Amino acid sequence: MKNIEHILITGSTGKLGKTICEVFAETGENIILHYFDSDKKINLIYEDIKKKFPKISVIKIKIDLSKLYSVGYFNNKLFNKYKIKGLVNNASFFIKDKRTTDTNFLNKNLNIHFRNPVALISCLINSDLKNKFAINITDKNLFEGGYHSYNRSKSLLSEYSKNMNFDDEKISIKEFKPGKVLPSKNEKSSLLKFKQEFEKLIK
(Lines give C-alpha, C1' and ligand atoms only; values in the text may rest on other atoms or scores of the structure.)
Protein backbone atom coordinates (compact mmCIF):
# COMPACT_ATOMS: atom_id res chain seq x y z
CA MET A 1 0.00 0.00 0.00
CA LYS A 2 2.85 2.36 0.82
CA ASN A 3 4.16 2.40 -2.75
CA ILE A 4 0.76 2.85 -4.41
CA GLU A 5 -0.35 6.38 -5.27
CA HIS A 6 -3.56 7.52 -3.55
CA ILE A 7 -5.96 10.44 -3.55
CA LEU A 8 -6.95 11.80 -0.15
CA ILE A 9 -10.56 12.99 0.24
CA THR A 10 -11.37 14.79 3.48
CA GLY A 11 -14.90 14.61 4.85
CA SER A 12 -15.64 11.28 3.20
CA THR A 13 -18.61 10.31 5.38
CA GLY A 14 -20.95 12.96 3.95
CA LYS A 15 -22.99 12.28 0.83
CA LEU A 16 -20.92 14.74 -1.20
CA GLY A 17 -17.71 13.19 0.12
CA LYS A 18 -18.87 9.70 -0.77
CA THR A 19 -19.85 10.90 -4.26
CA ILE A 20 -16.37 12.38 -4.77
CA CYS A 21 -14.78 9.11 -3.61
CA GLU A 22 -16.88 7.14 -6.10
CA VAL A 23 -15.93 9.48 -8.96
CA PHE A 24 -12.24 8.71 -8.42
CA ALA A 25 -12.89 5.01 -7.76
CA GLU A 26 -14.72 4.75 -11.10
CA THR A 27 -11.57 5.96 -12.86
CA GLY A 28 -9.47 3.32 -11.05
CA GLU A 29 -7.81 5.69 -8.58
CA ASN A 30 -6.80 4.46 -5.13
CA ILE A 31 -8.34 6.55 -2.36
CA ILE A 32 -7.87 7.50 1.27
CA LEU A 33 -11.13 8.14 3.11
CA HIS A 34 -10.74 10.79 5.80
CA TYR A 35 -13.36 10.93 8.55
CA PHE A 36 -13.76 11.93 12.17
CA ASP A 37 -17.08 11.47 13.92
CA SER A 38 -18.68 8.34 12.50
CA ASP A 39 -16.87 4.99 12.60
CA LYS A 40 -20.08 3.17 11.67
CA LYS A 41 -20.77 5.37 8.65
CA ILE A 42 -17.20 5.22 7.32
CA ASN A 43 -17.20 1.43 7.61
CA LEU A 44 -20.39 1.23 5.54
CA ILE A 45 -18.91 3.55 2.89
CA TYR A 46 -15.62 1.62 2.92
CA GLU A 47 -17.37 -1.73 2.42
CA ASP A 48 -19.63 -0.32 -0.29
CA ILE A 49 -16.70 1.11 -2.28
CA LYS A 50 -14.64 -2.08 -1.86
CA LYS A 51 -17.57 -4.15 -3.10
CA LYS A 52 -18.16 -1.94 -6.16
CA PHE A 53 -14.47 -1.42 -6.96
CA PRO A 54 -12.55 -4.47 -5.68
CA LYS A 55 -9.37 -3.69 -7.65
CA ILE A 56 -8.57 -0.36 -6.01
CA SER A 57 -6.86 0.31 -2.68
CA VAL A 58 -9.08 1.99 -0.06
CA ILE A 59 -7.68 3.29 3.25
CA LYS A 60 -9.50 4.89 6.22
CA ILE A 61 -7.88 7.74 8.21
CA LYS A 62 -9.46 9.31 11.31
CA ILE A 63 -8.40 12.90 12.11
CA ASP A 64 -10.33 15.71 13.85
CA LEU A 65 -9.75 18.63 11.48
CA SER A 66 -11.44 21.07 13.88
CA LYS A 67 -8.11 21.00 15.75
CA LEU A 68 -5.10 22.80 14.31
CA TYR A 69 -2.31 20.52 13.07
CA SER A 70 1.18 21.28 11.82
CA VAL A 71 2.67 20.33 8.48
CA GLY A 72 4.93 17.98 10.44
CA TYR A 73 1.91 16.17 11.89
CA PHE A 74 0.35 15.60 8.47
CA ASN A 75 3.68 14.46 7.05
CA ASN A 76 4.10 11.89 9.82
CA LYS A 77 0.46 10.77 9.84
CA LEU A 78 -0.13 10.66 6.09
CA PHE A 79 2.51 11.72 3.61
CA ASN A 80 5.39 9.66 5.03
CA LYS A 81 3.16 6.58 5.10
CA TYR A 82 1.39 6.85 1.77
CA LYS A 83 2.12 8.21 -1.71
CA ILE A 84 -0.52 10.91 -2.00
CA LYS A 85 -0.74 12.47 -5.45
CA GLY A 86 -4.10 14.18 -5.06
CA LEU A 87 -6.07 15.95 -2.36
CA VAL A 88 -9.71 17.03 -2.17
CA ASN A 89 -10.37 19.42 0.71
CA ASN A 90 -14.03 18.59 1.16
CA ALA A 91 -14.43 18.45 4.97
CA SER A 92 -17.00 21.04 6.03
CA PHE A 93 -18.79 22.38 9.09
CA PHE A 94 -21.98 24.22 8.11
CA ILE A 95 -23.57 25.43 11.36
CA LYS A 96 -24.91 28.87 12.27
CA ASP A 97 -22.90 31.07 14.61
CA LYS A 98 -24.32 31.23 18.11
CA ARG A 99 -22.61 34.57 18.66
CA THR A 100 -20.60 36.62 16.17
CA THR A 101 -17.91 37.11 18.85
CA ASP A 102 -17.41 33.40 19.54
CA THR A 103 -13.68 33.08 18.70
CA ASN A 104 -13.57 29.37 19.54
CA PHE A 105 -16.30 28.66 17.00
CA LEU A 106 -14.57 30.83 14.40
CA ASN A 107 -11.25 29.01 15.00
CA LYS A 108 -12.99 25.65 14.57
CA ASN A 109 -14.29 26.80 11.18
CA LEU A 110 -10.90 28.24 10.21
CA ASN A 111 -9.16 24.97 11.10
CA ILE A 112 -11.58 22.82 9.10
CA HIS A 113 -12.03 25.10 6.09
CA PHE A 114 -8.72 26.91 5.75
CA ARG A 115 -5.74 26.24 8.05
CA ASN A 116 -5.62 22.45 7.83
CA PRO A 117 -6.46 22.37 4.09
CA VAL A 118 -3.53 24.74 3.45
CA ALA A 119 -1.23 22.60 5.63
CA LEU A 120 -2.26 19.49 3.67
CA ILE A 121 -1.57 21.27 0.38
CA SER A 122 1.86 22.32 1.69
CA CYS A 123 2.70 18.66 2.34
CA LEU A 124 1.54 17.74 -1.14
CA ILE A 125 3.60 20.50 -2.74
CA ASN A 126 6.74 19.25 -0.98
CA SER A 127 6.28 15.62 -2.02
CA ASP A 128 8.34 14.29 -4.94
CA LEU A 129 5.42 12.91 -6.96
CA LYS A 130 4.53 14.25 -10.40
CA ASN A 131 1.17 15.50 -11.69
CA LYS A 132 -0.01 16.42 -8.21
CA PHE A 133 -3.30 18.21 -7.70
CA ALA A 134 -5.48 19.70 -4.99
CA ILE A 135 -9.17 20.55 -5.26
CA ASN A 136 -10.67 22.91 -2.69
CA ILE A 137 -14.43 22.62 -2.23
CA THR A 138 -15.82 26.03 -1.34
CA ASP A 139 -19.31 27.45 -1.94
CA LYS A 140 -21.15 29.61 -4.47
CA ASN A 141 -22.99 31.42 -1.67
CA LEU A 142 -20.68 32.83 1.01
CA PHE A 143 -22.96 35.65 2.10
CA GLU A 144 -25.75 33.77 3.84
CA GLY A 145 -26.81 35.48 7.06
CA GLY A 146 -25.95 33.87 10.38
CA TYR A 147 -23.00 31.88 8.99
CA HIS A 148 -20.17 34.39 9.51
CA SER A 149 -17.59 31.79 10.62
CA TYR A 150 -18.39 29.42 7.76
CA ASN A 151 -18.47 32.23 5.19
CA ARG A 152 -15.24 33.80 6.42
CA SER A 153 -13.24 30.56 6.54
CA LYS A 154 -14.48 29.28 3.17
CA SER A 155 -13.78 32.70 1.61
CA LEU A 156 -10.16 32.47 2.76
CA LEU A 157 -9.81 29.06 1.12
CA SER A 158 -11.38 30.46 -2.04
CA GLU A 159 -8.90 33.36 -2.15
CA TYR A 160 -6.01 30.97 -1.51
CA SER A 161 -7.15 28.77 -4.41
CA LYS A 162 -7.27 31.74 -6.79
CA ASN A 163 -3.88 33.14 -5.78
CA MET A 164 -1.80 29.95 -5.78
CA ASN A 165 -0.04 29.71 -9.14
CA PHE A 166 3.09 27.66 -9.78
CA ASP A 167 5.15 28.46 -12.86
CA ASP A 168 7.22 25.31 -12.38
CA GLU A 169 4.09 23.13 -12.39
CA LYS A 170 4.70 21.75 -8.90
CA ILE A 171 0.99 21.26 -8.38
CA SER A 172 -2.40 22.05 -9.89
CA ILE A 173 -4.78 23.76 -7.45
CA LYS A 174 -8.43 24.12 -8.42
CA GLU A 175 -11.50 25.43 -6.69
CA PHE A 176 -14.89 23.75 -6.96
CA LYS A 177 -17.87 25.91 -5.95
CA PRO A 178 -21.05 23.85 -5.90
CA GLY A 179 -24.36 25.51 -5.22
CA LYS A 180 -26.69 24.23 -2.53
CA VAL A 181 -26.87 20.48 -3.07
CA LEU A 182 -28.43 19.12 0.12
CA PRO A 183 -30.99 19.08 1.58
CA SER A 184 -32.98 18.74 -1.60
CA LYS A 185 -36.49 17.71 -2.62
CA ASN A 186 -34.86 15.36 -5.14
CA GLU A 187 -31.64 14.21 -3.47
CA LYS A 188 -30.78 11.68 -6.19
CA SER A 189 -31.03 14.31 -8.94
CA SER A 190 -29.03 16.87 -6.92
CA LEU A 191 -26.22 14.40 -6.21
CA LEU A 192 -26.13 13.35 -9.87
CA LYS A 193 -25.73 16.98 -10.96
CA PHE A 194 -22.97 17.48 -8.38
CA LYS A 195 -21.22 14.35 -9.63
CA GLN A 196 -21.41 15.43 -13.27
CA GLU A 197 -19.97 18.88 -12.46
CA PHE A 198 -17.15 17.34 -10.43
CA GLU A 199 -16.33 14.87 -13.22
CA LYS A 200 -15.93 17.80 -15.63
CA LEU A 201 -13.51 19.45 -13.23
CA ILE A 202 -11.12 16.49 -13.04
CA LYS A 203 -11.05 15.67 -16.76
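Predicted model: local features only at pLDDT ≥ 70, side-chain atom pairs only at ≥ 80, totals over all residues.
Me: Which residues of α3 and α4 meet?
Reply: On the α3 side they are V71, F74, N75, L78 and F79, and on the α4 side N116, A119, L120, S122, C123 and L124. Sorted by class, this contact of α3 with α4 has 8 nonpolar residues, 3 polar ones and no charged ones.

Me: Thanks! How do the axes of α4 and α5 cross, and within what distance do they come?
Reply: Let's read the angle and the distance again. Helix α5 covers residues 148–163, and its axis comes within 7 Å of the α4 axis, with a crossing of roughly 15°. Angles under 35 degrees count as roughly parallel, and α4 and α5 are therefore roughly parallel to each other. Their crossing is right-handed.

Me: What does α4 bring to its meeting with α5, and what does α5 bring?
Reply: From α4 come F105, L106, N109, L110, H113, F114, P117, V118 and I121. They meet S149, Y150, S153, K154, L156, L157 and Y160 of α5. By class, the contact of α4 with α5 holds 11 nonpolar, 4 polar and 1 charged residues.

Me: And α1 with α2: at what angle do their axes cross?
Reply: Helix α1 spans residues 15–26, and its axis crosses that of α2 at roughly 20°, coming within 11 Å. With that angle, α1 and α2 are therefore roughly parallel to each other. α1 passes α2 in a right-handed crossing. K18, C21, E22 and A25 in α1 meet I45, D48, I49 and K52 in α2. The residues of this contact divide into 4 nonpolar, no polar and 4 charged.

Me: Now the inside of the protein. Which residues touch the most other members of the largest nonpolar core?
Reply: To read a core, look for buried nonpolar residues whose side chains join up. The largest one here has 28 residues, and F74, L78, I84 and I121 touch the most other members. Two or more residues come from each of β3 (58–62), α3 (71–79), β4 (83–89) and α4 (103–126). With 9 residues, α4 gives the most to this core.

Me: What does I84 touch?
Reply: Leaving out residues up to four places away in sequence, I84 touches H6, L8, I32, L78, F79, L124, S127 and L129. Another core lies apart from the largest one; it has 25 residues, including I9, C21, F133 and F176.

Me: What is phi of N131 near?
Reply: Most residues other than glycine have a negative phi. Phi of N131, however, is near 55°, a positive value in a residue other than glycine. Look for N131 in the loop between α4 and β5 (133–137). Exposed means over 50%, so N131, at 72% relative accessibility, counts as exposed.

Conventions:
Residues numbered from 1 in each chain as written. Heavy atoms only, no water. Core = buried A, V, L, I, M, F, W, Y, C linked by side-chain atoms within 4.5 Å. Buried < 20%, exposed > 50% of the residue type's maximum accessible area, 1.4 Å probe, protein only. Helix = DSSP H or I, 4+ residues; strand = E, 2+ residues; numbered from the N terminus. Contact = heavy atoms within 4.5 Å. Axes fitted to C-alpha atoms, helices over the stretch in contact; angles between N-to-C directions. Parallel < 35°, antiparallel > 145°, perpendicular 65-115°, else oblique. Left-handed = near helix turned anticlockwise from the far one by under 90°. Nonpolar A, V, L, I, M, F, W, Y, C, P; charged D, E, K, R; others polar.
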